[in-house]
Amino acid sequence: MHPVLYTVLQRLGLGLLTLFIVSIIIFSSIAMLPGDFGEQVLGQQALPETVEAFRKELGLDKPAYIRYIDWIAAVLQGDLGTSFSGRASSGSDQSRSVWELVGPRLSNTLFLAGFTAMIAVPLSLFLGITAALKRNSVYDRSVNAVTLTTISFPEFFLAYLLIVFLAGIFPTLSNVTPDMDLGERITKIALPALTMTLVIVAHMMRMTRAALINLLASPYIEMAQLKGASRTKVIIKHALPNAWAPIATVIAFNLAYLVVGVVVVEVVFVYPGIGQLMVDSVSSRDIPVAQACALIFAATYILLNLLADVIGIVTNPRLLHPR
Amino acid sequence: MTTNSNKRGAKGDILIEMKNVEIDGFSDERWHKIVKGVDLTLRRGEVMGLIGESGAGKSTLGKAAMGYAQPGCKIRSGSIMFDGIDLMAATEAEKRQLWGSRIAYVAQSAAASFNPAHRLIDQTVEATVDHGISGESDAKQDAVGLYESLQLPDPGNIGGRYPHQVSGGQLQRIMTAMAMSPRPDLIIFDEPTTALDVTTQVEVLVAMRDIVEKFNTAAIYITHDLAVVAQMADFIKVLRYGEEVEEAETRKMLSQPEEDYTKSLWSVRALHKDESPSDDIALSIKNVDAAYGNTVKVLHDVSIDIPRGRTVSVVGESGSGKSTTARVITGLLPPMTGSIEFNGETLPNALKDRSKDQLRRIQMIYQMADTAMNPKQTVADIIGRPLEFYHNLKGKQRDDRIIELLEMIELDESFMDRLPGELSGGQKQRICIARALAAEPEVIICDEVTSALDQIVQEGILKLLLRLQKELNITYLFITHDIAVVTAISDEIVVMFQGQVVEQGLKSKILAPPYPDYTQLLLSSVPEMDPDWLSNLVEERG
């Protein structure tokens with residue numbers, strides 16, 4: 001087997017192992033949350049017997065390890081379970097499956113994240129490369145200063161600033177619905193996407209710049225210069241191919257943030273993303289939904305980091321072309 | 001400058017002329033003069049040797065001949081004319097037109113100077129194609145021809161490999177092919193063989209010399225090794241502290257150097273110690289096999305006897321297991337099988353199982369004195385630590401002993417409060433010696449202790465080690481790849497090759513024929529101060 005394939009499979013295996021461990025952590029930390037769904041729904045005055053019956057219906061009376069095994073076994077079969085909300089101890093059952101709740105929210109989040117990434121990643125790479133090329137110039141300093149400023153503001157503050165200045169141009173409410181067409185959706189998410197771009201560009205841009213400048217001290221860069229290569233060519237052809245590993249790591253980190261860390265932005269723009277869903281489910285003790293969201297977040301992190309690892313491996317000729 | 005006019009100028013027009021060039025370098029927060037007004041003239045087809053110790057400014061001057069100042073340097077004044085083009089006045093873009101087309105550069109470390117991300121053939125022809133000298137396919141075809149004339153294995157395919165897939169000697173030859181690809185008028189060779197083993201160095205030298213001759217290319221060959229430059233250059237310029245010491249035609253320079261400094265560059269080779277046999281074995285390595293991890297075995301059945309109060313030198317090229325042997329003796333790398341006997345008793349294999357006294361008796365000195373000392377500790381702390389640890393010396397007793405040790409290594413009290421950063425390379429190595437002596441050891445393992453030092457400093461350190469041996473009856477295990485050092489100071493020699501001992505015995509026996517094949521190859525590869533040495537060697541080896 002090619003060593004790269006072997007390494008990738010190995011990383012994949014480690015990723016799955018991590019996900020398994022994380023699932024235990026998620027389950028136990030949610031189990032340790034104070035309060036109880038039964039009491040939450042039925043209120044403080046509910047009779048203990050009623051609460052007990054309700055708990056039994058939801059399966060909360062079983063020991064924790066059994067509940068974990070039930071849950072993880074179902075998840076492995078693609079069943080994220082049924083949401084607690086909409087249930088009542090008596091009367092009609094209006095509960096929905098977790099996937100029904102999470103699915104549309106997740107696709108909204110991925111849409112926003114994907115759209116933001118399409119702007120932010122090329123922009124950061126461009127800024128990073130040009131800043132490295134003209135390092136210590138006015139351009140370099142201003143790019144650094146501006147991106148540092150935007151990353152230093154709290155997200156909600158940036159969001160409100162954008163609303164103040166751009167409210168006339170873009171809608172300030174991003175309440176997308178499935179029946180909107182693409183153009184309308186994009187108009188709706190313009191402001192949140194812009195906010196998040198401003199938040200993540202600095203990190204990726206600075207890392208690109210640092211990774212490149214770090215390499216510029218290498219003897220092979222001096223060699224390229226002494227072969228008469230222009231500055232642009234030195235950066236693009238001689239430095240960049242060796243800088244992908246650190247850059248990919250930072251990009252992966254920021255993309256993961258776009259999926260899992262944007263609840264504040266969602267709240268400001270009333271965007272129906274998965275972040276809000278998770279916050280809601282935690283506050284209403286809707287355990288299956290909270291667990292599903294946490295698991296999706298964990299899987300996102302692991303997957304993106306795995307991807308960064310793989311990019312690091314395939315752009316390293318020592319690994320790709322062993323002796 | 002005119003001492004060699006009889007020979008100079010025979011080859012062609014003036015190609016490069018530098019006059020009164022001054023170059024500044026920035027370090028320690030201020031500008032220093034690195035090159036202080038040097039003149040240099042080179043004609044077409046000539047090879048100039050530029051030699052001097054590290055810090056002499058030879059590399060900086062060599063790059064200045066291209067109109068290039070490395071980051072942190074600037075060419076302050078003087079004139080540099082390359083074939084009628086004023087490089088001092090030329091713009092970056094104009095100079096880039098010359099670099100990689102008419103002037104090429106061969107760097108010291110080929111391994112670091114090739115881009116790890118691109119195939120060798122692409123890098124070989126890059127400048128040629130970019131400068132529009134020839135099309136890509138023509139250039140590649142030509143490169144294969146160059147690989148062939150540089151005697152690279154499988155010239156048709158080696159270019160398809162990546163830098164990490166070929167050996168250091170091969171990379172250095174491919175870099176020469178890269179320099180030659182655009183058929184430049186001038187090549188700057190910047191210490192191109194310094195990082196190579198002697199056996200590899202010979203092959204690379206021959207390849208470089210032949211190809212420069214074949215295309216009648218002018219070259220500046222920068223090195224600190226006189227014997228190497230003697231093989232390559234038509235004439236030699238000696239630099240010191242950024243100034244020219246003297247310049248002369250090669251044969252004349254070797255036979256009758258005029259300046260004292262030039263003469264002193266020879267001196268280390270004059271150092272000599274008479275061997276004296278002994279049967280009193282202090283340290284004995286018995287049938288040791290060792291490996292890093294559990295996979296790659298690097299020592300195979302190594303047995304070495306080291307007599308008390310003598311110097312045993314271990315020689316061999318890099319990767320032959322010399323340093324691994326040292327690690328096994330000190331316990332840093334426990335052997336898989338075999339044992340270490342010290343004064344007749346078997347030492348525990350692992351460092352942590354040895355008693356303090358066992359540790360004290362075997363000390364080690366390293367190649368890089370810089371990294372072997374804590375830069376934040378004063379000399380007194382560095383030498384005082386083993387005194388406290390092994391001998392429980394404190395306060396005044398300790399300080400007195402430190403002064404005594406400093407005197408032993410020919411330094412004085414005033415060094416006690418200095419930090420390693422304030423010392424020269426030779427002084428640092430002396431402090432490392434004092435630190436080893438502080439433990440009052442019986443055996444000192446010296447791992448390439450003079451390799452990083454200039455020749456004159458090297459001589460001082462070797463003399464010191466010999467004197468200490470005489471006074472204190474210390475046993476040395478001297479690890480080196482430098483045969484000149486070996487002949488100077490050893491009693492016995494051990495030759496290692498691929499993790500095995502090829503030969504061991506008294507110096508007179510090892511250094512006299514008949515030799516086993518490998519010893520022969522190793523010994524004959526050491527450059528000699530004879531301009532015909534390389535030619536003769538090539539003839540001998542066929």
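Reader: Which residues of H15(B) meet B:Ile431, B:Ala434, B:Leu437 and B:Ala438 in H16(B)?
Author: The model is a predicted one. By class, this contact of H15(B) with H16(B) has seven nonpolar, no polar and one charged residues. On the H15(B) side, the residues are B:Arg401, B:Leu405, B:Leu406 and B:Met408.

Reader: Is H15(B) oblique or roughly antiparallel to H16(B)?
Author: H15 covers residues 395-408 of chain B and H16 covers residues 425-438. Their axes are 9 Å apart and the packing angle is about 125°. Roughly antiparallel needs an angle over 145 degrees. That makes H15(B) and H16(B) oblique.

Reader: In which hand does H15(B) pass H16(B)?
Author: Two packed helices are described by an angle and a distance between their axes. Here those are about 125° and 9 Å. The crossing of H15(B) past H16(B) is right-handed.

Reader: Now chain A. Is H5(A) roughly parallel or roughly antiparallel to H11(A)?
Author: H5 spans residues 98-133 of chain A, and H11 spans residues 244-260. Their axes come within 9 Å and cross at roughly 150°. The cut-off for roughly antiparallel is over 145 degrees, so H5(A) and H11(A) are roughly antiparallel.

Reader: Which residues of H11(A) make the contact with H5(A)?
Author: H5(A) passes H11(A) in a right-handed crossing. H5(A) brings A:Thr109, A:Leu110, A:Ala113, A:Thr116, A:Ala117, A:Val121 and A:Leu125. By class, the contact has 11 nonpolar, two polar and no charged residues. From H11(A) come A:Trp244, A:Ile247, A:Ile251, A:Leu255, A:Leu258 and A:Val259.

Reader: H5(A) also packs on H14(A). How many nonpolar residues are in that contact?
Author: H14 covers residues 287-314 of chain A, and its axis lies 10 Å from that of H5(A), at an angle of about 40°. The two helices are therefore oblique to each other. A:Val98, A:Leu101, A:Val102 and A:Leu106 of H5(A) meet A:Pro288, A:Val289, A:Ala292, A:Cys293 and A:Ile296 of H14(A). With no polar and no charged residues, the nonpolar count is nine.

Reader: Which residues of chain B lose the most area to chain A?
Author: The contact involves 30 residues of chain B and 21 residues of chain A. About 2,300 Å² is buried between the chains, and carbon and sulfur atoms give 56% of that. Three residues together account for 26% of what the chain B side buries: B:Arg96, B:Glu126 and B:His164.

Reader: Which residue of chain B forms a salt bridge with A:Glu222?
Author: Side chains of opposite charge can pair when their charged atoms come close. The count between chain B and chain A is five salt bridges. For A:Glu222, the closest N and O atoms are 3.2 Å apart, and the partner is B:Lys63.

Reader: How many residues apart in sequence are the parts that B:Arg102 and B:Asp185 tie together?
Author: The structure holds 42 salt bridges over all chains. One of them joins the side chains of B:Arg102 and B:Asp185, at 2.7 Å from N to O. B:Arg102 sits in the loop between helix H2 (92-98) and strand S6 (103-106) of chain B, and B:Asp185 in the loop between helix H7 (168-180) and strand S7 (186-190) of chain B. So the pair ties together parts whose separation in sequence is 83 residues.

Conventions. Residues numbered from 1 in each chain as written. Chains lettered and ligands numbered in written order. Predicted model: local features only at pLDDT ≥ 70, side-chain atom pairs only at ≥ 80, totals over all residues. Heavy atoms only, no water. Axes fitted to C-alpha atoms, helices over the stretch in contact; angles between N-to-C directions. Helix = DSSP H or I, 4+ residues; strand = E, 2+ residues; numbered from the N terminus. Parallel < 35°, antiparallel > 145°, perpendicular 65-115°, else oblique. Left-handed = near helix turned anticlockwise from the far one by under 90°. Contact = heavy atoms within 4.5 Å. Nonpolar A, V, L, I, M, F, W, Y, C, P; charged D, E, K, R; others polar. Buried area = accessible area lost by both parts, 1.4 Å probe. Salt bridge = Lys/Arg side-chain N within 4 Å of Asp/Glu carboxyl O.
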